[in-house]
Amino acid sequence: MTVERFRPDLALIASLIPAGSRVLDLGCGNGDLMALLQGKGCTGTGVDVDPERVLACLRRGVDVIELDLDTQLGEFADDSYDFVVLSRTLQTVHKPRAVLTEMGRIALHSVVSMPNFAHWRNRFRLLRGRMPMSKDLPYRWYDTPNLHHTSLPDLEPLFAMLGMVVERRIPLDADGHPHRLGNFAANLAASSSLYLLHTER
Amino acid sequence: MIPEGSVGVVETQTVRLFDDGLTTRSGIVLPEVQVAYETYGTLNEARSNAIYICHALTGDAHAAGYHAGDDRPGWWDNIIGPGRAIDTDTWFVVCSNILGGCQGTTGPASINPATGEPYGTDFPLLDMTDFVEVHRGLARHLGITKFAAAVGGSLGGMQVLQWALDHPEDLGRALVFAASSRLTAQNIAFSAVGRQAIMRDSGFNEGKFLTRGTAPRKGLSVARMLAHITYLSEHAFQEKFGRSAQRGELAGNFGIDFAVESYLEYQGERFLSRFDALSYLYLTRVMDYFDPFADARALDTLKADPVRFLLVSFTSDWRFSTEHTRRIVRHLEEARIPTSFREIQSTWGHDSFLLDLPDYHATVRAYLDKAAEEIA
């Protein structure tokens with residue numbers, strides 16, 4: 001199984017998680033990330049609610065638990081995982097603050113990625129009087145799973161408020177690769193951003 | 001005419017196990033144990049492709065295929081067979097009647113060799129672990145040291161859970177459907193009323209009815225009628241019967257006037273021909289007392305040698321609701337046991353686990369396909 005078959009940001013997330021970790025992947029989709037992580041000796045569980053995706057996980061040997069991120073994360077015990085991953089999903093939950101709080105309870109370490117609404121292309125579209133659409137925000141306003149939009153300077157204070165310390169911020173380009181400008185002018189340049197966090201205990 | 005996808009004509013076999021006696025959890029020794037079982041498919045050379053099916057309260061060894069001359073297949077025929085979710089082209093499937101039952105395995109109606117008469121209420125109170133020990137005895141007889149999976153719904157799922165907790169080395173995977181790790185007060189209440197119906201029947205004769213030529217037929221059929229209500233959802237009853245009359249139009253009497261009354265009567269009557277009242281008491285009581293996680297060390301053995309779990313619940317099951325399954329998931333998760341869980345949409349209630357629901361069977365198939373890949 002080669003890394004190239006997966007979304008580039010998933011490979012990046014996998015590289016941030018030490019071998020042997022126990023990982024909970026919220027919004028795990030087809031189980032691509034968990035499969036990558038299993039390849040490096042990690043264990044863990046995916047969470048999703050889409051029947052097709054859940055079946056795909058089971059078929060490939062990725063354990064998956066069907067539950068609602070907004071209301072049922074209480075099913076997982078305190079510190080029952082080493083890492084919780086929420087990849088491109090925070091913008092789709094009803095209560096991002098509650099979900100992040102639960103993540104901090106379930107594991108010490110978190111990886112969170114989210115589209116950047118303040119990316120320069122989005123700003124241009126708004127200046128032209130149109131709603132932003134991009135590879136990271138591909139949906140029409142009336143047909144989108146995304147409930148929340150944020151810029152990076154508006155996202156990071158939420159982490160701080162919840163006692164989640166940013167260890168690394170990795171701005172990504174539209175293809176999910178680390179942006180070649182790194183953290184330079186990230187709020188303008190990054191199409192989305194990936195955060196490695198730990199929660200203060 | 002055998003339909004396509006069926007394992008075909010099958011026979012129940014019987015074997016005598018535990019020549020040195022079986023010490024039950026209660027400490028009482030059963031000098032011998034007969035076990036009725038069936039198998040489907042072919043055991044491979046490595047003896048690695050076996051799946052054990054644990055049946056529910058009133059099930060038996062006849063899970064799939066047809067007994068000669070029968071026009072109804074075994075109780076879980078829709079999931080077991082060539083090409084079905086538990087695919088007998090891949091798997092060697094074993095199903096046995098549980099200890100304390102009345103379908104060929106030793107139970108309270110069996111003859112006690114010490115007296116030459118039926119055990120009756122001298123039969124020891126049983127425990128979930130006793131069922132598991134007898135399954136393991138049959139496994140030894142069949143020369144199978146490890147099952148790729150054990151599968152069961154309701155009481156069957158409870159046996160699978162107990163088996164994985166006590167002897168994880170025996171199992172690769174545990175598939176637990178519509179089960180519980182601890183009955184609620186309401187569950188026990190239903191169970192108690194069923195037993196009272198049996199024990200208050202004048203034919204019960206303090207449990208000595210087998211030697212006194214009576215039988216608590218009214219009580220057993222009422223127990224079955226009551227239990228049957230808990231196996232279906234309100235929607236299922238409404239969909240099947242609504243308020244329709246049994247004979248054209250409602251007559252206004254205390255007899256069987258509504259169609260649903262006739263259905264329950266039929267279920268109760270049919271049950272009498274295949275079930276023993278004492279077995280019903282013994283088996284329901286095992287469920288009442290089952291509470292494996294009450295022991296703080298219950299998961300220690302499993303933690304040291306994890307079995308992979310798939311748990312499934314059904315949205316309209318009000319006997320063992322999704323919360324029962326979630327409780328098992330929470331315990332397994334906290335112990336870091338590899339666990340998958342799905343709640344399947346179904347309007348049919350507890351009996352959903354016996355039905356051919358596409359999403360449910362696709363889940364079982366996906367999970368076992370991966371298991372098949374691992375043993376190949």
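Start by selecting Arg88(A). Arg88(A) is buried, with 21 other C-beta atoms within 10 Å; buried means 20 or more such neighbours, exposed 12 or fewer, partly exposed in between, with C-beta atoms placed from the backbone. Arg88(A) sits in the loop between strand S4 (81-87) and helix H4 (96-106) of chain A. Helices (H or I, at least four residues) and strands (E, at least two) are DSSP runs, numbered from the N terminus. Check the backbone here: phi of Arg88(A) is near 50°, a positive value in a residue other than glycine.

This is a predicted model, in which local features need pLDDT of at least 70, side-chain atom pairs count only at pLDDT 80 or more, and totals for chains, interfaces and linings use all residues. For your selections, residues are numbered from 1 along each chain as its sequence is written, while chains are lettered from A and ligands numbered from 1 in the order in which they are written.

Next, select Arg47(B). Its phi is also positive, about 55°, although Arg47(B) is not a glycine. Look for Arg47(B) in the loop between strand S4 (33-40) and strand S5 (50-54) of chain B. Arg47(B) is partly exposed, with 14 other C-beta atoms within 10 Å.

Chain B has eleven helices and 14 strands. Its radius of gyration is 20 Å, close to the 21 Å that the globule rule gives for 376 residues, so chain B is as compact as a globular protein of that length. The radius is taken over C-alpha atoms, and the rule is 2.2 Å times the number of residues to the power 0.38. Of the 376 residues of chain B, 49% count as buried.

Zoom to helix H5 (residues 217-231) and helix H7 (residues 259-272) of chain B. Their axes come within 8 Å and cross at roughly 125°. Axes are lines fitted to C-alpha atoms, for helices over the stretch in contact, and angles run from 0 to 180 degrees between N-to-C directions. H5(B) and H7(B) are therefore oblique to each other; under 35 degrees counts as roughly parallel, over 145 as roughly antiparallel, 65 to 115 as roughly perpendicular, and the rest as oblique.

Finish at the chain interface. 19 residues of chain B are in contact with 17 residues of chain A; contact means C-beta atoms, placed from the backbone, within 7 Å. Color H10 (322-334), S14 (339-344) and H11 (358-375) of chain B: each supplies at least two residues of the side that touches chain A. The largest share, seven residues, comes from H11(B).

Methods. Contact = placed C-beta atoms within 7 Å.
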